[in-house]
Amino acid sequence: MKLPTRMRGKGPDAHPGEDTRGWLPPQVRAAWERLPEPVRRLVLPLALVVLAFFYPKYAESLPGAFPGVGTLVIMIVFTMMAVGLNIVVGYAGLLDLGYVAFYAAGAYTAAWFASLQFEQVTFHFGSVGISQEAVGIHISIWLILLIAGAFTAIAGILIGLPTLRLRGDYLAIVTLGFGEIIPQFVRNGDNIFGFDLTHGTFGISPIDSPGFGTTLEDAIGVPASFQQSFDRAQWFYWTALGLLLLTVFCSVRLRDSRLGRAWIAIREDETAAAAMGIPLMRTKTWAYAIGAFFGGIAGAYYATFKSGAFPSDFFFNVSIFLLCMVILGGMGSVWGVVVGGLFLAYLDQEGLAKIGNSFSDLIGKQIDVPKYNFGVYGLIIVLMMLFRPTGLIPERRRKKELAEGVHDESLYDVSG
Amino acid sequence: MVGVLGTGFVLLLLIWVIGNFARDPGEFLNVLLIGLTNGAVYGLIALGYTLVYGILQLINFAHGDVFALGGLVGTTMILTVLDLSTSDSALVIVLGIAATLAAAMLFSSALNTTIELVAYRRLRHAPRLAPLITAVGMSFILQNVGLIGWGVNFTSVPRLVPNSVAFSLGSVDFQWNKIAVLLITLPVLLALTYLVQATRQGKAMRATSQDREAAAMMGVNVNRTISFTFMLAGGLAGAAGVLYVLNFTTIRYDQGFQLGLIAFTAAVIGGIGNMAGALLGAVTIGLIEAFNEGLTWYTPGSDWTRSIVFGLLIAILVFRPEGLLGERTPEGQ
């Protein structure tokens, strides 16, 4: 086995604290090293979380390049989906080109159970911000998030059961097929044997808002309904942040669990994993279901934030956008995907437009850069795959895997 | 269980086809002709997928966009370089189309070969998903090249091959543009078959697709053979692009992706890696689309065409991954 020189003997524990943090004064460094290992590892994430938590308070005083709080909500929702997709693609190594289907499933679950869509019935359960006489099903958004996750996970299992037997590229194609069928179904679903399920191209809008209800509002001053609250964006932002942290936490814990190790084993060598007694189908289906679960929650949350679910949101391009986040950050690396996701979502929402403007000013000619956003993502994907397939923040194990090539079958040698 | 369901489904389909035929035979045959023409264009694209898959086991997602760029180059040839219009004499138009075909094929060949050289060749020993993901990225890059070069709107050309009726057999109308598509497709297919079956280069291709290392040991220049395959596939895509433009007179930068997916479905239905299968699948898809959009008796209609095509793709991959004519592959087990 031949390792590239830069990897030989330079494990994470080879020289603890020697070449890193050399810039700190010795006393501080000594104090730092006296801290127990778990504390040290938590300091940086905790600091970031605190910074993120107070973002709405100091966002106004930041320079214009920083995103607004409303934009940040969208960025976080897409990052959450990318973390969910990372479970499927990064951990289990199943290329899913139809993740947008899960996003759609989550959004429409919210739209069905928290809007005026089904006017045949009137059912309220913990809904806030609307009159109790409003027709349609209105369930509390907090419950909807769970329902959407569960519903999407079931959808993931239903899609996965027949298709996960297929390997690699065939699976990618099948997921792509579902990613094309579901948006079309949604667009045409306003007349399924006379029943209006999805309200066609108009989408379903408005969707109820999350909130804490009037009782809590009177008691401790939290808003009864986010949409109607004065500082709407910041409440949506804090909720999104909480959901993202939960997703990241679950993702990290899952990776280190028995199931997570089984996923990685399948990713590295499916045949060997099966020989070691890992039930392939069940393990892969779990990856699908859990990945779908987070996609569904993110989709439902985004739908309540936008107060609508529209079929034009669910195009194949979204799947590729999410895949690009995972690849940029590093397949399998949770922190990498969070960084990659936030970065790309920022580019998509504001960054490209801003870069485009300064670029146009520079050359004195107007160029509509956001129009070419998918060309930029395509370029990122290709460049990353060619020059840094491990991603910006590689997962240690994945890096080794790509360097040593645990796949003994190269592209060429696979034959019938 | 699956067998019973499958047989039942095929029976229902047969009843549906016969029922439609019985209601209006003339209309049915006209729709059939549309299906065959579209199937021929899909076939040219599908062959490109199949050739590349046969030799590299790679789904070249960018192939559909090579097709679209070929078509766009064709429009530039017709509009700017040659400045053809419907008032030109028939000979000028025929020669102009021939020149357009040649230019588009040359361009697409060069483009496809370059893609392989720049992107896929470096990833030959990477895990299998790496080239696949690269191909998806490449597809988006090519789409944006089309967007930069030809803009967001449809590029239209004059209807050089008229869609007037050339001759009628019974109630079936043979239009010039449909005849032209079939007239161009057939020689291309014959030439391709000859190339793959009867020449040294074709033998090298077949050898490389069976076992690359053994082929290399027998003195086949594997790299050159792969480049040649990409060149061939690109040429077919370019020809398909020009045919598409002649048949529908408009094309846009993002149409390649859709058509590419449909053509890929055709290749899978026939059995990917199998050339006759790709054609069979392409004609099947062409017919399904035409029937669904043209017939009237219990037909879902054009809103559902894509769902039906991709539903078929999923059903084939799940129940018969080797396709109609293919052999079992490791993927299918």
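How many helices and strands does chain A have? In this predicted model, chain A comprises 16 helices and two strands. Its radius of gyration is 23 Å, close to the 22 Å that the globule rule gives for 416 residues, so chain A is as compact as a globular protein of that length. The C-alpha trace of chain A spans about 70 × 60 × 55 Å along its principal axes. Of the 416 residues in chain A, 45% are buried. Among contacts in chain A with a separation of 6 or more, 73% are accounted for by residues 24 or more positions apart.

Within chain A, helix 9 (residues 232-255) and helix 12 (residues 280-306) have axes that come within 12 Å and cross at roughly 175°. Since angles over 145 degrees count as roughly antiparallel, helix 9 and helix 12 of chain A are therefore roughly antiparallel to each other. On the helix 9 side, the contact involves F236(A), A240(A), L243(A), T247(A) and L254(A); these meet I290(A), F294(A), I297(A), Y301(A) and F305(A) in helix 12 of chain A. By class, the residues of this contact divide into nine nonpolar, one polar and no charged.

Between the chains, 38 residues of chain A are in contact with 46 residues of chain B. On the side of chain B that touches chain A, helix 5 (129-150) and helix 12 (305-319) of chain B each supply at least two residues. Helix 5 of chain B gives the most to this side, with 15 residues. The side of chain B that touches chain A has 25 nonpolar, 11 polar and 10 charged residues.

Conventions. Residues numbered from 1 in each chain as written. Chains lettered and ligands numbered in written order. Predicted model: local features only at pLDDT ≥ 70, side-chain atom pairs only at ≥ 80, totals over all residues. Axes fitted to C-alpha atoms, helices over the stretch in contact; angles between N-to-C directions. Helix = DSSP H or I, 4+ residues; strand = E, 2+ residues; numbered from the N terminus. Parallel < 35°, antiparallel > 145°, perpendicular 65-115°, else oblique. Contact = placed C-beta atoms within 7 Å. Nonpolar A, V, L, I, M, F, W, Y, C, P; charged D, E, K, R; others polar. Rg over C-alpha atoms; globule rule 2.2 N^0.38 Å. Buried ≥ 20, exposed ≤ 12 C-beta atoms within 10 Å, placed from the backbone.
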